[in-house]
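Reader: Please show me the structure, and then take my questions one at a time.

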Amino acid sequence: MTPTLAAMRVLVVEDEAPMAASLKRGLEAEGFAVDVAADGEEGLWLAREQEYDAIVLDVMLPKINGYVVCRTLREEENWTPVVMLTAKDGELDEAEGLDTGADDFVTKPFSFVVLIARLRAVMRRRGATAAVVLTAGDLRLDATEGRAWRGDVLLDLTSREFAILEYFLTRPGEIVAKSDVLSHVWDFAFEGSPNIVEVYVSSLRKKIDTPFERSSLETVRGAGYRLARDGG
Ligand code: CA
């Protein structure tokens with residue numbers, strides 16, 4: 001799997017369970033970590049509580065409709081990119097949606113390829129000002145290209161490994177708890193064992209450290225991990 005969009009977190013707000021489930025599955029297959037909210041109220045709550053890279057927001061939702069959710073977030077100066085899902089018979093029109101501060105629209109029924117393309121586009125636009133190349137010594141990761149290097153050597157990482165490395169690279173020299181890695185790289189609702197993080201850290205070490213006779217990823221007993229600021 002190409003790790004292009006690893007570590008990106010997407011909130012899906014959709015009340016139709018089969019649609020929500022298929023969105024979650026499809027987005028996860030693209031390497032996103034996905035949370036699902038089943039109504040506007042829950043969607044708004046999650047969008048306030050968690051940091052997402054994008055929100056896929058259905059218009060017709062129980063409790064609070066999608067337009068109101070989006071407008072409320074913008075009023076609160078939350079600029080997370082929003083792609084709205086509108087129905088073909090257009091209960092509410094796109095002009096109204098634009099007023100609410102949505103970034104783009106996809107009309108149901110939509111092709112998944114189109115949705116992914118729109119999501120990538122809005123995230124790229126929003127992320128244009130953010131630093132996308134992260135470094136620690138000669139460890140380098142380009143989040144936009146989805147590639148990472150040790151020196152000149154391109155690293156062959158799975159999307160999860162890439163996401164974990166990206167997360168560590170945003171906090172070089174800091175102790176990062178396993179639970180932080182879990183909540184950032186896996187879904188909000190992940191209920192598996194935190195030990196899964198150890199498995200991935202171990203495989204990551206075999207790719208970013210062992211072949212180069214380095215030891216950049218330190219285990220801090222009882223606390224978590226620390227990526228050496230100088231890349232080890
Ligand atoms: Ca709906």
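Predicted model: local features only at pLDDT ≥ 70, side-chain atom pairs only at ≥ 80, totals over all residues.

Author: Residues are numbered from 1 along each chain as its sequence is written, and side-chain values use heavy atoms, with hydrogens and water left out.

Reader: How many helices and strands are there in the chain?
Author: Helices (H or I, at least four residues) and strands (E, at least two) are DSSP runs, numbered from the N terminus. By that count the chain has eight helices and twelve strands.

Reader: What percentage of the residues in the chain is buried?
Author: Buried means under 20% relative accessible area, exposed means over 50%, and partly exposed lies in between (1.4 Å probe, protein chains only). The chain has 232 residues, and the buried share of them is 46%.

Reader: Among contacts between residues at least 6 apart in sequence, what share joins residues at least 24 apart?
Author: A contact means heavy atoms within 4.5 Å. Of the contacts in the chain between residues at least 6 apart in sequence, the share that joins residues at least 24 apart is 60%.

Reader: How many residues are in the second, separate core?
Author: L217, in the largest core, touches residues including F168, V201, L204, I208, Y225 and L227. The second core is separate and includes V13, A47, M84 and F105; its number of residues is 19.

Reader: Are helix 6 and helix 8 roughly parallel or roughly perpendicular?
Author: Axes are lines fitted to C-alpha atoms, for helices over the stretch in contact, and angles run from 0 to 180 degrees between N-to-C directions. Helix 6 (residues 159-169) and helix 8 (residues 195-208) pack with axes 10 Å apart, at an angle of about 85°. Angles under 35 degrees count as roughly parallel, over 145 as roughly antiparallel, 65 to 115 as roughly perpendicular and the rest as oblique. Helix 6 and helix 8 are therefore roughly perpendicular.

Reader: How do the residues of the contact of helix 6 with helix 8 divide?
Author: Helix 6 brings R160, E161, I164, L165 and F168, and helix 8 brings Y200, V201, S203, L204, K207 and I208. Ala, Val, Leu, Ile, Met, Phe, Trp, Tyr, Cys and Pro count as nonpolar, Asp, Glu, Lys and Arg as charged, and the others, Gly among them, as polar. The division is seven nonpolar, one polar and three charged.

Reader: Which residues coordinate the calcium ion?
Author: Donors are N, O and S atoms within 2.8 Å of the metal (3.2 Å for Na, K and Ca); water is not among the atoms, so sites may look incomplete. Along the sequence the donor residues are spaced D-E-x41-D-x1-M. D15, in the loop between strand 1 (9-13) and helix 1 (17-29), and M60, in the loop between strand 3 (54-58) and helix 3 (66-75), are 45 residues apart. At 2.1 to 3.2 Å, the coordinating residues are D15 (OD), E16 (OE), D58 (OD) and M60 (O).

Reader: Is T100 buried or exposed?
Author: T100 sits in the loop between helix 4 (94-99) and strand 5 (104-108). Not counting residues up to four places away in sequence, T100 touches Y67, C70, R71 and R74. Because its relative accessibility is 2%, T100 counts as buried.

Reader: Where is E213, and is it buried or exposed?
Author: E213 lies in the loop between helix 8 and strand 11 (217-220). It has a positive phi of about 50° although it is not a glycine. With 77% relative accessibility, E213 counts as exposed.

Reader: Which residues does a cis peptide bond join?
Author: Most peptide bonds are trans. P109 is in the loop between strand 5 and helix 5 (112-127). With omega of about -5°, the cis bond joins K108 and P109.

Technical notes:
Core = buried A, V, L, I, M, F, W, Y, C linked by side-chain atoms within 4.5 Å.
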